[in-house]
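Open the model in your viewer and keep the selection tool ready. We will go from stop to stop, picking residues as we go.

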Amino acid sequence: MKTRLRNVKDKKEMERMVDDFITMGYTISEQGEKSVKMIYKKYGGIGSHIIILILFCWTFLIANVLWLVYNYFVNSEEVIIRIEE
């Protein structure tokens, strides 16, 4: 999982940044008074799933499910937004 850290100056700026990330598809996983942890779960692109389906059609979609699980748990992005002190 890729983790990024964003520092903001005050609570109002943190709320604006959280709203921006929610608009981009992130979800809040943890929220404190001075920090918010947000996660963007990926499922793999449609093109990659089609290629896997063509190459591994004999696995009866098991390869596609494994690719989805890999992207969901390993290839996700995490952002921590916190107020500087």
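Predicted model: local features only at pLDDT ≥ 70, side-chain atom pairs only at ≥ 80, totals over all residues.

Select Leu-61. Leu-61 sits in the loop between helix 2 and helix 3. Check its backbone: phi of Leu-61 is near 70 degrees, a positive value in a residue other than glycine.

Now select Phe-60. Phe-60 also has a positive phi, of about 55 degrees, and is not a glycine. Its place is in the loop between helix 2 and helix 3, and helix 3 covers 62–73. Is Phe-60 buried or exposed? Phe-60 has a relative accessible area of 71%, so it is exposed.

**Into helix 2**

Select residues 46–55. This is helix 2, and His-49 is found in it. Show the side chain of His-49. Its relative accessibility is 14%. The cut-off for buried is under 20%, so His-49 counts as buried. Which residues is His-49 in contact with, leaving aside its neighbours within four places in sequence? Select Tyr-43, Gly-44, Asn-64, Trp-67 and Leu-68, and you have them.

**The salt bridges**

How many salt bridges does a search of the whole structure find? The search finds 4. Start at Lys-37.

- Select Lys-37 and Glu-30. Their side chains meet in a salt bridge, 3.5 Å from N to O. Lys-37 is partly exposed, at 23% relative accessibility. Glu-30 is partly exposed too, with a relative accessible area of 48%.
- Lys-37 forms a salt bridge with Glu-78, and the closest N and O atoms are 3.5 Å apart. This pair links distant parts of the chain: Lys-37 is in strand 3 (residues 35–40), and Glu-78 is in strand 4 (residues 77–83), 41 residues apart. Glu-78 counts as buried, because its relative accessibility is 9%.
- Move to Lys-42 and Glu-77. Their side chains meet in a salt bridge, 3.2 Å from N to O. Again the pair links distant parts of the chain, 35 residues apart. Lys-42 is in the loop between strand 3 and helix 2, and Glu-77 is in strand 4.

Stay with this last pair and color by accessibility. Lys-42 is partly exposed, with a relative accessible area of 22%. Glu-77 counts as buried, at 18%. The cut-off explains the two labels, because buried means under 20% relative accessible area.

**Out to the surface**

Switch to a surface view. Select Asp-10, Glu-15, Asp-19 and Asp-20. Together they form a negative surface patch. Now pick out Asp-20. Where is Asp-20 found? Asp-20 is in helix 1, which covers residues 11–23. Asp-20 has a relative accessible area of 48%, so it is partly exposed.

**Look back**

Phe-60 is exposed. His-49 is buried. Asp-20 is partly exposed. Show them together, and find each one in the surface view.

Terms used
Residues numbered from 1 in each chain as written. Heavy atoms only, no water. Patch = residues over 30% accessible without salt bridge, like charges linked within 9 Å, V, L, I, M, F, W, Y side chains within 5 Å. Areas by Shrake-Rupley, 256 points an atom, 1.4 Å probe, with all protein chains shown as cover. Lys, Arg positive; Asp, Glu negative; His and termini not counted. Charge placed at Lys NZ, Arg CZ, Asp CG, Glu CD. Helix = DSSP H or I, 4+ residues; strand = E, 2+ residues; numbered from the N terminus. Buried < 20%, exposed > 50% of the residue type's maximum accessible area, 1.4 Å probe, protein only. Contact = heavy atoms within 4.5 Å.
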